[in-house]
Amino acid sequence: MIISSLANYYGRLLENPASGVAKPGWCERQVKFMLELSPDGQLKSVIPCGDGKHGVSKIVPEQEKRSSGIKANFLCDTSSYLLGIDAKGKPERAIQCFEASKQLHEALLSGVDSPMAAAIVNYFNLWNPGQILDNPIPGFSEEVLEGGNLTFCLEDGMTWKEACNEPSIKRVCDERAQNDEGQSEMVSLVTGRREPIARLHPAIKGVVGAQSMGASLVGFNCEAFESYGHAKEQGRNAPVDVKSTQAYTTALNYLLAHRGHRGRFGDTTVVFWSSSQTADQGNCSVLSLALGFSIFESKESESEATSNLKAALERLQAGKPVDIEGVSFGDEFYLLGLAPNAARLSVRFFLRDSFGEVMRRVADHYRITDVCHAAFDPPIATPYRLLDSLENPNAKDPVISSQLSAPLMRSILQGARYPEALFQNALLRVRATKTVKREHAAIIRAYLIRNARMEEKEITVDVNPSNENEAYVLGRTFAVLEQIQEAANGKATIADRYLNAACSTPATTFPVLLKLSVAHLSKVSRDTPGRGVYLEKALGELMEMQQISFPKRLSLIDQGSFLLGYYQQKQARYKKNDEQEA
């Protein structure tokens, strides 16, 4: 399903010339230098591409996948193959690479009637790998030998004519791509037809944490992974035809190379695309914004964009029409999560649904994670912010994000239960910091609604005075006791000393806190009588909602209710202050 979906997307990219995607038999590579040849095959100079450091992306003939051994590429290769010399300190092997490249180019270009083809063939016959060190060529430097790709060109007036753009040579490349001789045939798992099977699949580049040279999505290099009767046969263990192999790898590399089609979440790289070419960019832009993958120039532009998105999501969830230019909610939409794993890639998830359904689930996630917050906070708490709030700032590696990124994304996109570890880590982080952040409260509220099956009319966005849940009321009571202490002493310390104990064992903690509050209320009433009356009334109302005795212990779910009540009660206090200032 993954390979066929990507192969279909590749077909749509080919129909759009503006995509610049490589057609079958070709691929996109970074070229650092061009070897300028004279018509008789003499090497005239070495021309850097771009800044000469990173090179320029060019469409070149499909290249061999090589981890060992000698395999030459056509028209575009490293200095070992095109110059017969490199910086690896193995001159004998470099000569062998050059000879392999010479045989390949002579076999493909000897019968081509073209000045470019004749110049390349003559070059391989005339070139002596050792002469470049004895007689330096203009433009040559040690950087040429460091492993970047080189290609050929001829001087054409004031510019250069590249070998890969020569029509007669391009026909040779196309004919070579269609020549499947020497490849075994099997029934392809993608097309269902008997076709030539790819032994090795091209590398996938751009997955964060994977090998810089690229990693395979499909590969077999150990007997434990091979099927019976297919030992050391590589791709025959999972037969995928050559055309589909080239199509899906080209499409996936295209998606990973374009920011509008990818995002990073923990150790998972997420790529996404739409079935319709017309709405592909618009749909991906909206999803990228919704999941927090977009990058903004300023906080003002980010706040405006997320506010508009939140309004659109609310309309979508309410069943109201949402009209966004370039967006089609009826299109089929795909999301693929990839993570590094040695030489291959791990597929964390693959989801396919209509874009409207995907966005409705995202909207549902933001609805149940919505919780009261400060005016300067972003309108929505993105998944990245949720996981980042659980990390230990003193830890070197983001362990929690790596473990929970994929499960959390699946929960959001499938509307499934949230990972238990997400809720547990939120409680652990609160215990460690003695502070309930907006993101912690959002996680707790979402867990209580979706996993604990509590009613949304009770677990509201703002503080709910009618919620008589014992743990929730205790949390609100603790917030009022903290406010009383702050009013009396100018600072509050009971959260640092008693929050964890009050959250887990109220029966041993609240009698002590209530005893302290008597002295604090007495001082507040003496200094500011009006405020003392208000706080005494607020505490009395909450105590009337309590049971006769405090519970000895609270379960994890009750602890979540406690912390949510504590957070919302504090936010209600700040909200009143903001309204009074306004």
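The lining of the second largest pocket comprises eleven nonpolar, four polar and twelve charged residues, where Ala, Val, Leu, Ile, Met, Phe, Trp, Tyr, Cys and Pro count as nonpolar, Asp, Glu, Lys and Arg as charged, and the others, Gly among them, as polar. The structure is a predicted model, in which local features require pLDDT of at least 70 and side-chain atom pairs pLDDT 80 or more, whereas totals for chains, interfaces and linings use all residues. Residues are numbered from 1 along each chain as its sequence is written, and side-chain values rest on heavy atoms, with hydrogens and water left out.

The second largest pocket holds about 590 Å³ of space. Among its 27 lining residues, those closest to the centre are His 373, Ala 374, Asp 377, Tyr 567 and Gln 571. A pocket is here an open set of points on a 1 Å grid over the protein atoms alone, where a 1.4 Å probe fits, with protein on both sides within 12 Å along at least five of seven lines; lining residues have an atom within 4 Å of a point. Grid points are joined across faces, edges and corners, and the volume is the space filled by probe spheres set on the points. Helices H14 (438–450) and H19 (556–581) each contribute at least two lining residues, and H19 gives the most, with ten. Helices (H or I, at least four residues) and strands (E, at least two) are DSSP runs numbered from the N terminus.

Across the whole structure, 17 aromatic pairs were found. Rings of Phe, Tyr and Trp (its six-membered ring) pair if their centres lie within 6.5 Å; planes under 30 degrees apart are stacked, those over 60 edge-to-face and the rest tilted. Tyr 123 and Phe 152 form an edge-to-face pair, 5.5 Å centre to centre with 65° between the planes. This pair links helix H4 (residues 115–126), which holds Tyr 123, to strand E5 (residues 149–156), which holds Phe 152, across 29 residues. Both Tyr 123 and Phe 152 are buried (under 20% relative accessible area, 1.4 Å probe, protein chains only). Phe 510 and Phe 562 are likewise edge-to-face, at 6.4 Å and 75°; Phe 510 lies in helix H17 (residues 506–527) and Phe 562 in H19, 52 residues apart. Both Phe 510 and Phe 562 are buried. One aromatic cluster consists of Phe 98, Tyr 123, Phe 124, Trp 127 and Phe 152.

Strands E11 (residues 332–341) and E12 (residues 344–354) run antiparallel and are joined by ten bridges, with pairing requiring at least two DSSP bridges. Leu 336 stands opposite Phe 350 in E12. In this hairpin, two residues separate the strands, and Ala 342 adopts a positive phi near 55°.

Note on methods:
Buried means under 20% relative accessible area, exposed over 50%, partly exposed in between (1.4 Å probe, protein chains only).
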